Amino acid sequence: MKIQINEDPNLQDTEIIINCRQTNDEILKLIAMLRVMDCKLTGMKDHETYILEAAKILYIDTVDKKTFFYTGKNVYETPLKLYELEEQLSSHGFFRAGKSTIINFNQIKALKPDLDGRIIVTMNNNEKLVVSRQYSITIKQILGVK
């Protein structure tokens with residue numbers, strides 16, 4: 001793969017062009033990673049609204065019918081429902097890990113099999129989350145493991 005950067009101070013906006021023989025899984029993943037960099041979400045903390053980059057969100061969780069974004073150091077509340085976020089972020093590396101949790105696959109540091117087919121996920125901030133047996137199939141598909 002060749003990477004070429006052309007700087008032009010006259011350009012108003014950044015444009016990325018991918019030249020390839022054929023679109024494959026690697027190209028699609030690259031596109032998804034580029035899109036997640038541009039994906040922004042809003043979250044509330046201390047009565048202020050913050051604009052968050054989706055790529056920096058470790059995981060999303062629902063507690064007492066409220067939905068929260070977890071970053072490395074902060075927690076933000078969002079009015080969006082988990083299923084809405086799942087739809088919006090599934091093409092950006094996020095996957096359902098349980099009934100009330102969505103994980104950013106790009107923020108996972110390590111995976112460890114657990115009892116009954118569950119998977120213990122260590123996030124980049126060293127927090128550990130459990131992927132239920134029902135959803136562990138998704139991680140295996142992402143990793144290409146049968």
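Colleague: How many positive and negative side chains does the chain have, and how far apart do the centres of the two sets lie?

Modeller: There are 20 positive and 19 negative side chains. The centres of the two sets lie 9 Å apart. Keep in mind that this is a predicted model.

Colleague: Okay. What about helices and strands, how many are there in the chain?

Modeller: Three helices and ten strands.

Colleague: And in which order do the elements run from the N terminus?

Modeller: The order is α-β-β-β-β-β-α-β-β-β-β-β-α.

Colleague: What does the C-alpha trace span along its principal axes?

Modeller: About 50 × 45 × 25 Å. The accessible surface of the chain comes to about 11000 Å². Carbon and sulfur atoms hold 50% of that surface.

Colleague: How many of the residues count as buried?

Modeller: The chain has 146 residues, and 29% of them count as buried.

Colleague: Let's pick one residue. Where is Thr67 found?

Modeller: Thr67 sits in strand β4, which covers residues 66–70.

Colleague: Is Thr67 buried or exposed?

Modeller: Buried. Thr67 counts as buried because its relative accessible area is 4%, and the cut-off for buried is under 20%.

Colleague: What does the side chain of Thr67 reach?

Modeller: The backbone oxygen of Leu80, at 3.1 Å.

Colleague: Which residues is Thr67 in contact with, leaving aside neighbours within four places in sequence?

Modeller: Among them are Ile60, Tyr76, Leu82 and Leu85. Leu80 is in that list too.

Colleague: New topic: cores. Which residues have the most contacts inside the largest nonpolar core?

Modeller: Phe95, Ile103, Val121, Met123 and Val131. That core has 14 residues.

Colleague: Which elements give two or more residues to this core?

Modeller: Strand β4 again, plus β6 (94–98), β9 (119–123) and β10 (128–131). β9 gives the most, with three residues.

Colleague: Why would nonpolar side chains be found together?

Modeller: In soluble globular proteins, nonpolar side chains tend to be buried together.

Colleague: Back to Val131. Which residues is Val131 in contact with, beyond four places in sequence?

Modeller: The list includes Phe95, Ile103 and Val121. Arg118, Ser136 and Ile139 are also in contact with Val131.

Note on methods:
Residues are numbered from 1 along each chain as its sequence is written. This is a predicted model: local features need pLDDT of at least 70, side-chain atom pairs count only at pLDDT 80 or more; totals for chains, interfaces and linings use all residues. Side-chain values use heavy atoms; hydrogens and water are left out. Helices (H or I, at least four residues) and strands (E, at least two) are DSSP runs, numbered from the N terminus. Buried means under 20% relative accessible area, exposed over 50%, partly exposed in between (1.4 Å probe, protein chains only). Accessible areas come from the Shrake-Rupley method with a 1.4 Å probe; for residues, only the protein chains shown count as cover. Lys and Arg count as positive and Asp and Glu as negative; His and the chain ends are not counted. The place of a charge is taken as NZ of Lys, CZ of Arg, CG of Asp or CD of Glu. A polar contact is a pair of N or O atoms within 3.5 Å; within protein, one must be able to donate a hydrogen and the other to accept it, and residues adjacent in sequence count only if both atoms are side-chain atoms. Contact means heavy atoms within 4.5 Å. A nonpolar core is a set of buried Ala, Val, Leu, Ile, Met, Phe, Trp, Tyr and Cys residues joined through side-chain atoms within 4.5 Å.
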